[in-house]
Amino acid sequence: MTPPADGPQLFECETCGGIGIGDNRPECCSEPMTATEIEETAVSEPSLETLLKTVFDMSGTELDICLCVMEGGELTVAALAEQIGYDRSVVARHLNHLAAFGVVEKRRRIRPAGGHVYVYTPQPPEVVRERLRGAFLSWVRLATAQLDDLQREKVEAIADAETDERQWTVFQEQ
């Protein structure tokens with residue numbers, strides 16, 4: 001997997017090992033970070049569907065709903081459900097998830113005849129990109145912390161071992 005040449009780069013701090021992603025060379029520990037070398041790895045490029053599911057817990061259905069709102073402008077759950085042929089509860093659940101990300105705006109509108117309805121309006125594409133990018137970077141930070149914890153736990157378990165017993169168990173499905 002080779003990232004695009006004009007996209008953001010990955011940087012690493014030579015002092016503390018911190019990482020940074022961006023278009024400009026960030027600083028850490030009062031020094032400019034070093035761009036990492038692109039190496040061929042066994043990691044394959046994720047599809048858009050895999051990325052959305054893994055990082056944002058967004059299904060293909062939710063992506064379809066998001067794109068419909070982006071194209072259709074202001075919509076209610078009922079109007080969108082009728083337009084795309086999904087059950088209203090499915091549409092409402094996905095729209096609420098998209099609203100939580102800030103990809104669509106959810107507003108309550110009072111009906112002239114009484115009652116209310118929620119309308120969903122798309123955010124501008126640049127706002128959507130920024131919100132998804134921010135959520136992705138948060139996910140990367142959390143994933144990196146998980147990997148750091150795994151390494152630290154493994155090293156600590158091996159260092160603390162005063163027996164010949166294995167400190168780590170490999171779990172396999174039968």
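**Figure 1. Elements of the protein chain.** Helices (H or I, at least four residues) and strands (E, at least two) are DSSP runs, numbered from the N terminus. By this definition the protein chain has five helices and eight strands. Their order from the N terminus is β-β-β-β-β-α-α-β-α-α-β-β-α. The model is predicted: local features need pLDDT of at least 70 and side-chain atom pairs count only at pLDDT 80 or more, whereas totals for chains, interfaces and linings use all residues. Residues are numbered from 1 along each chain as its sequence is written, and side-chain values use heavy atoms, with hydrogens and water left out. Of the 174 residues, 21% count as buried (under 20% relative accessible area; exposed is over 50%, partly exposed in between; 1.4 Å probe, protein chains only). The protein chain exposes about 12900 Å², of which carbon and sulfur atoms supply 51% (Shrake-Rupley method with a 1.4 Å probe; for residues, only the protein chains shown count as cover). Contact means heavy atoms within 4.5 Å; of the contacts with a separation of 6 or more, 44% are between residues 24 or more positions apart.

**Figure 2. The open sheet E2-E1-E5.** Three strands make up this open sheet, in the order E2-E1-E5 and with antiparallel pairing (two strands pair if DSSP finds at least two bridges between them). Strand E2 (19-22) and strand E5 (34-35) are the edge strands, each pairing on one side only. Strand E1 (residues 9-12) and E2 run antiparallel and are joined by four bridges. Glu12 stands opposite Ile19 in E2.

**Figure 3. Helix H1 and its buried side.** H1 spans residues 48-56, and Leu52, Val55 and Phe56 are buried in it. These residues lie on the same side of H1, because they cover an arc of only 90° around the axis (taken from the directions from the helix axis to the C-beta atoms). An α-helix has 3.6 residues a turn, so residues three or four places apart point the same way. Asp57 follows H1 and has a positive phi, near 55°.

**Figure 4. The largest nonpolar core.** This core has 20 residues; Leu80, Val91, Leu95 and Leu98 have the most contacts inside it (a nonpolar core is a set of buried Ala, Val, Leu, Ile, Met, Phe, Trp, Tyr and Cys residues joined through side-chain atoms within 4.5 Å). At least two residues of the core come from each of H1, helix H2 (60-72), helix H3 (77-84), helix H4 (88-101) and helix H5 (125-160). H2 supplies the largest share, four residues. Val91 lies in helix H4 and is buried, with a relative accessible area of 0%. Beyond its neighbours within four places in sequence, Val91 is in contact with Ile65, Val77, Leu80, Ala81, Ile84 and Tyr86. The C-alpha atoms of Val91 and Leu80 are separated by 7.4 Å, the two residues being 11 residues apart along the chain.

Figure 5. Strand E7 (residues 104-110) pairs with E8 in the antiparallel sense over seven bridges. Five residues lie between E7 and E8 in this hairpin, and Gly114 in the turn has a positive phi of about 110°. Arg108 has Tyr118 in E8 as its bridge partner. Thr121 is found in strand E8 (residues 116-122) and counts as buried because its relative accessibility is 18%. A polar contact of 3.0 Å joins the side chains of Thr121 and Arg107 (a pair of N or O atoms within 3.5 Å; within protein, one must be able to donate a hydrogen and the other to accept it, and residues adjacent in sequence count only if both atoms are side-chain atoms).
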